[in-house]
Amino acid sequence: METKYIFVTGGVVSSLGKGIISASIGKLLQDRGYKVTIQKFDPYINIDPGTLNPYEHGECYVTVDGMETDLDLGHYERFTGIETTRDNSITTGRIYKTVIDRERHGDYLGKTIQVVPHITDEIKRRMLREELNEGLDFVITEVGGTIGDIESAPFMEAIRQLRWQLGRNAVCVHLTYVPYLKAAEELKTKPTQHSVKELQGMGIQPDILVLRTERHLDDALRMKVASFCNVDLECVVQSEDMPSIYEVPVSMQRQGLDAAIMRKIGIPVGEMPAMKSWHDFIRKQRSATREVHVGLVGKYDLQDAYKSIRESLNLAGIYNDVKVRLHFINSEHITNENVEEKLNGMAGVIICPGFGQRGIEGKLIAAQYTRTHDIPTFGICLGMQMMVIEFARNVLGYTDANSCEMDAQTTHPVIDLMEEQKTITQMGGTMRLGAYDCELVAGSKVAEAYGQKTLIRERHRHRYEFNNHYTEEYEQNGMRLVGVNPTAHLVEIVEIPALRWYIGTQFHPEYSSTVLHPHPLFMSFVKACGDGTVEA
């Protein structure tokens with residue numbers, strides 16, 4: 001069949017969960033046997049979020065082909081199992097850069113370059129994805145921001161044009177907020193009406209409305225919204241607060257969101273898919289009674305900053321039949337005097353990734369404490385480097401050991417800049433990014449976690465590496481280098497076999513953990529933490 005296009009927009013306020021709704025639609029259509037992809041268009045002018053502080057935009061997610069992207073792509077992958085690429089994440093910055101580069105090259109033959117048609121044509125080209133020849137049944141496009149934002153106007157104009165161009169092959173899903181006024185004890189639909197009116201003013205009539213709400217909406221309220229917004233009643237769906245984001249696809253299916261989309265497009269609806277694996281997962285999630293407390297030692301006190309790590313731990317907990325209770329522990333506040341108090345009650349600790357000097361001394365203190373007290377510890381990227389530095393200082397005796405990122409003058413740079421990175425001056429998109437091979441040492445804890453595989457492939461996002469000049473000293477003193485890139489001979493994984501679970505990875509395993517296939521290292525880590533469980 002011809003490729004169908006679904007556009008997901010949002011109104012009233014941001015952070016309503018457009019990414020979760022987009023991922024849910026993708027999952028539901030996927031379970032009907034359709035080949036689907038989901039892409040995110042972000043209105044900001046940055047080329048990508050790679051140089052953004054996590055407080056600005058949350059976690060920076062990385063695709064297999066090395067694109068730094070919005071965290072919503074993590075939701076897309078976790079829900080659908082699709083591996084996204086650089087073509088799934090577009091920003092205003094990338095659009096304008098492409099158009100400006102073409103203008104400099106002379107491709108527009110002297111024409112005056114304007115938002116319409118040149119910018120909107122480039123947006124449309126990327127939304128359609130036709131030149132990629134992927135054989136897709138559905139392309140779901142989420143547009144970031146909120147209707148009315150000046151930055152998103154070119155994207156809305158592109159969608160308006162495509163709706164006319166594609167006819168029944170395109171559907172617009174608009175997500176809005178229905179607030180509850182406690183004093184009046186009423187749910188209010190006026191913000192939704194205004195949001196739809198704003199969208200209509202841009203020439204777009206939404207086909208389906210998803211109403212984000214903290215309270216259940218009755219049929220009378222849905223009928224009111226349908227009537228005032230020119231939308232069929234069956235196309236007014238509510239996205240009520242759920243115990244877990246993974247219950248959203250089930251709720252959307254129960255309300256017929258996927259069926260409404262198919263009817264709008266003119267595809268026979270057929271039988272509702274059973275989604276057996278997904279329902280089995282939900283049942284496991286609901287039935288877990290034991291708790292495992294895990295500390296996240298990092299410097300970004302923001303839930304979205306470590307989104308994929310949090311979700312990977314939660315998924316691994318569900319498959320280990322436990323509830324993982326996460327506790328953020330600010331590494332800036334950890335000292336030798338309070339580390340025991342800070343980590344008290346933690347069955348395991350994650351030393352979180354990051355960049356820069358701030359908060360690293362606290363991470364080093366935490367790594368030393370968990371190593372000497374045999375607490376299961378998982379260091380990710382910079383977290384692994386902290387494990388390596390701590391070991392050099394307190395086991396190898398190199399008291400000034402450090403990373404060249406933190407101290408360029410250290411006499412023991414156990415973490416050093418890659419040779420090819422030393423001449424790079426531009427920050428964005430210049431790190432070691434994307435998936436690389438890693439050979440595992442047979443018999444290691446890591447190899448056991450991966451099911452005795454000898455070769456794995458994981459995603460990276462970093463600039464500094466383990467300094468191979470120190471390999472022999474680490475190996476002789478109890479820290480084994482159990483994962484190495486076979487081409488560049490860069491150390492990817494370290495572990496201390498004498499401890500219950502003390503492993504650091506230079507790569508980011510959290511990027512490849514999905515609902516139906518949780519990552520083996522997180523599974524192994526949570527299992528090791530199980531000794532510290534208590535009854536809920």
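The legends below describe close-up views of a predicted model.

**View 1. A nonpolar patch on the surface.** Tyr96, Ile100, Val115 and Val116 make up a nonpolar patch on the surface. Together the four residues have about 320 Å² of accessible area. Two helices contribute to the patch: helix H4 (92-105) and helix H5 (115-128) each supply at least two of its residues. Val116 belongs to helix H5. With a relative accessible area of 45%, Val116 is partly exposed, because values between 20% and 50% fall in that class.

View 2. Side chains of opposite charge can pair when their charged atoms come close. The structure holds 36 salt bridges, and one of them joins Asp42 to Lys40. The closest N and O atoms of Asp42 and Lys40 are 3.5 Å apart. Both Asp42 and Lys40 are buried, which means that each has a relative accessible area under 20%. Asp42 and Lys40 also belong to a network of salt bridges that includes Asp70, Asp72 and Glu142.

View 3. Arg86 and Asp65 form a salt bridge through their side chains, with an N to O distance of 3.4 Å. Arg86 is partly exposed, at a relative accessible area of 32%. Asp65 is also partly exposed, at 30% relative accessibility.

**View 4. A salt bridge between a strand and a loop.** The side chains of Arg212 and Asp241 meet in a salt bridge, 2.7 Å from N to O. This pair links distant parts of the chain, 29 residues apart. Arg212 is in strand E10 (residues 208-213), while Asp241 is in the loop between strand E11 (236-240) and helix H9 (248-254). Asp241 is partly exposed, with 40% relative accessibility.

**View 5. Two crossing helices.** Two packed helices are described by the angle between their axes and the distance between the axes. Here the helices are H11 (residues 276-287) and H12 (residues 307-319). Their axes come within 8 Å and cross at roughly 85°. Angles of 65 to 115 degrees count as roughly perpendicular, and H11 and H12 are therefore roughly perpendicular to each other. On the H11 side, Phe281, Lys284 and Gln285 take part in the meeting of the two helices. On the H12 side, the residues are Leu315, Ile318 and Tyr319.

Technical notes: Residues are numbered from 1 along each chain as its sequence is written. This is a predicted model: local features need pLDDT of at least 70, side-chain atom pairs count only at pLDDT 80 or more; totals for chains, interfaces and linings use all residues. Side-chain values use heavy atoms; hydrogens and water are left out. Patches are made of residues with over 30% relative accessible area and no salt bridge: like charges are joined within 9 Å, nonpolar side chains (Val, Leu, Ile, Met, Phe, Trp, Tyr) within 5 Å. Accessible areas come from the Shrake-Rupley method with a 1.4 Å probe; for residues, only the protein chains shown count as cover. Helices (H or I, at least four residues) and strands (E, at least two) are DSSP runs, numbered from the N terminus. Buried means under 20% relative accessible area, exposed over 50%, partly exposed in between (1.4 Å probe, protein chains only). Axes are lines fitted to C-alpha atoms, for helices over the stretch in contact, and angles run from 0 to 180 degrees between N-to-C directions. Angles under 35 degrees count as roughly parallel, over 145 as roughly antiparallel, 65 to 115 as roughly perpendicular and the rest as oblique. Contact means heavy atoms within 4.5 Å.
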